[in-house]
Amino acid sequence: MEPETHQPSRGPQSQFQSGHEVPVQQQKKPGLQSQMDKPQPTSTQIPSEDQGYQTYKAAGKLQGKKAIITGGDSGIGRAIAILYAMEGASSLIAYLPEEEDDAQETKRRVAKAGQTCHLLAADLRTKENCKKVVDTALEKLGGIDILVNNAGTQTMLPDIQDLSEDQWESTFDTNIHPAFYLSKYTLPHLKSGSSIINCASVNPYIGRPDLLDYTASKGALVAFTRGLSNQQCSKGIRVNAVCPGPVWTPLIPATMTTEAIEQFSGTPMGRPGQPSEIATCFVFLASQDSSFISGQSLHANGGVVLNG
């Protein structure tokens with residue numbers, strides 16, 4: 001379990017700084033945060049000026065808001081749920097049944113922040129389950145202000161000849177189709193000031209070759225973000241994306257090779273990000289601080305300069 005106080009001299013990311021060995025650990029899909037070895041991903045700690053860590057400082061930016069967060073059991077999704085709670089928002093998180101233990105921990109952490117987190121185990125690869133997520137959120141939360149399409153999957157393969165048709169379809173069924181269904185079913189319940197925020201990736205901007213289906217699906221999500229924003233802007237509903245670079249989440253030991261994990265510090269900053277550093281972007285895009293931003297992709301990627 002992550003520390004929840006200021007760490008002036010050393011934090012989880014310091015183990016990823018240049019010259020430090022990245023821990024090699026592997027899991028089966030979908031990956032559980034509770035089973036990750038050190039360093040544990042952090043949901044609330046962000047870097048401080050003295051190169052240590054401090055607890056995220058909330059300012060009531062989402063007071064009274066209600067959010068759906070997919071993939072909210074661990075990693076980036078967990079961090080979003082907790083920071084949203086610290087900012088005053090309640091949530092419903094969707095996750096796979098095998099991620100129940102991680103989801104319960106997210107619920108505990110949200111409650112510690114003073115808010116409610118409802119749980120729904122559902123495989124979002126069917127539109128029926130996407131509809132169930134929205135219906136359950138309306139029932140449990142009494143409304144929806146924010147939709148976060150965060151759930152995703154990836155599998156490393158070196159060549160298109162190794163990429164099966166089934167895997168290609170399954171990746172799109174996980175990474176892009178639920179964003180369409182959930183947005184379609186949620187939008188009738190949103191109002192001016194509401195937000196849809198999609199978790200895309202740095203990969204469609206750099207064209208990562210060993211994650212071809214993932215890269216393509218995330219590129220589709222960026223395009224979906226832009227088109228949906230142009231549809232909904234006049235209604236006061238903003239649609240944006242966050243495009244993380246390497247981030248230390250359960251998806252990494254569950255889907256990447258040993259060699260890829262060993263090279264995981266490869267950003268201009270010399271380290272991967274933590275879920276908390278991505279979640280702050282989701283707070284910004286859900287709040288009125290970003291009132292003049294829609295159809296955009298926010299690149300939290302450790303300093304990689306892109307043309308997107």
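Visitor: Taking a salt bridge as a side-chain nitrogen of Lys or Arg within 4 Å of a carboxyl oxygen of Asp or Glu, how many does a search of the whole structure find?

Guide: The search finds eight salt bridges. Please keep in mind that this is a predicted model, in which local features need pLDDT of at least 70 and side-chain atom pairs count only at pLDDT 80 or more, while totals for chains, interfaces and linings use all residues. Residues are numbered from 1 along each chain as its sequence is written, and side-chain values use heavy atoms, with hydrogens and water left out.

Visitor: OK, what does K191 pair with?

Guide: The side chain of K191 forms a salt bridge with that of D145, at 2.6 Å from N to O. This pair links distant parts of the chain, 46 residues apart, since K191 lies in the loop between α5 (177-186) and β7 while D145 lies in the loop between α3 and β6. The helices (H or I, at least four residues) and strands (E, at least two) are DSSP runs, numbered from the N terminus.

Visitor: And is D145 buried or exposed?

Guide: D145 counts as buried, at 9% relative accessibility, whereas K191 is partly exposed, with a relative accessible area of 47%. Buried means under 20% relative accessible area, exposed over 50%, and partly exposed in between, with a 1.4 Å probe and protein chains only.

Visitor: What about K131 and D135, how do they meet?

Guide: Their side chains meet in a salt bridge of 3.1 Å, N to O, and because K131 and D135 are four residues apart in helix α3 (residues 127-141), about one helical turn separates them. K131 is partly exposed at 37% relative accessibility, and D135 is partly exposed at 35%.

Visitor: Where is E277, and what does it bridge to?

Guide: E277 is in helix α10 (residues 275-286), and it forms a salt bridge with R271, with the closest N and O atoms 3.0 Å apart. The side chains of E277 and R271 are also joined by a polar contact of 3.0 Å, which is a pair of N or O atoms within 3.5 Å where, within protein, one must be able to donate a hydrogen and the other to accept it, residues adjacent in sequence counting only if both atoms are side-chain atoms. E277 is buried at 19% relative accessibility, and R271 is buried at 13%.

Visitor: Switching topic, which residues have the most contacts inside the largest nonpolar core?

Guide: They are I69, I80, Y84, I146, I197 and F282, in a core of 33 residues. A nonpolar core is a set of buried Ala, Val, Leu, Ile, Met, Phe, Trp, Tyr and Cys residues joined through side-chain atoms within 4.5 Å. The elements giving two or more residues to this core are β3 (66-70), α1 (75-86), β4 (90-95), α2 (100-112), β6, β7 (195-199) and α10, and α1 supplies the largest share, eight residues. Another core, of 31 residues, lies apart from it and includes A122, Y185, L187 and Y205.

Visitor: What does Y84 touch, then?

Guide: Not counting residues up to four places away in sequence, Y84 touches L62, A67, I69, A89, I146, V148, I197, F282, V283 and A286, a contact being heavy atoms within 4.5 Å.

Visitor: What is L163 in contact with?

Guide: L163, in the loop between β6 and α4, is in contact with L157, W168, L212 and D213, leaving aside its neighbours within four places in sequence. L163 counts as buried at 13% relative accessibility, and its C-alpha atom is separated by 9.8 Å from that of D210, 47 residues apart along the chain.

Visitor: Where's I160, and is it buried or exposed?

Guide: I160 also sits in the loop between β6 (146-149) and α4 (165-175), but it is exposed, with a relative accessible area of 55%.

Visitor: Last one: what fraction of the protein counts as buried?

Guide: Of its 308 residues, 56% count as buried, and the secondary structure comes to 10 helices and nine strands. Among contacts between residues at least 6 apart in sequence, 78% join residues at least 24 apart.
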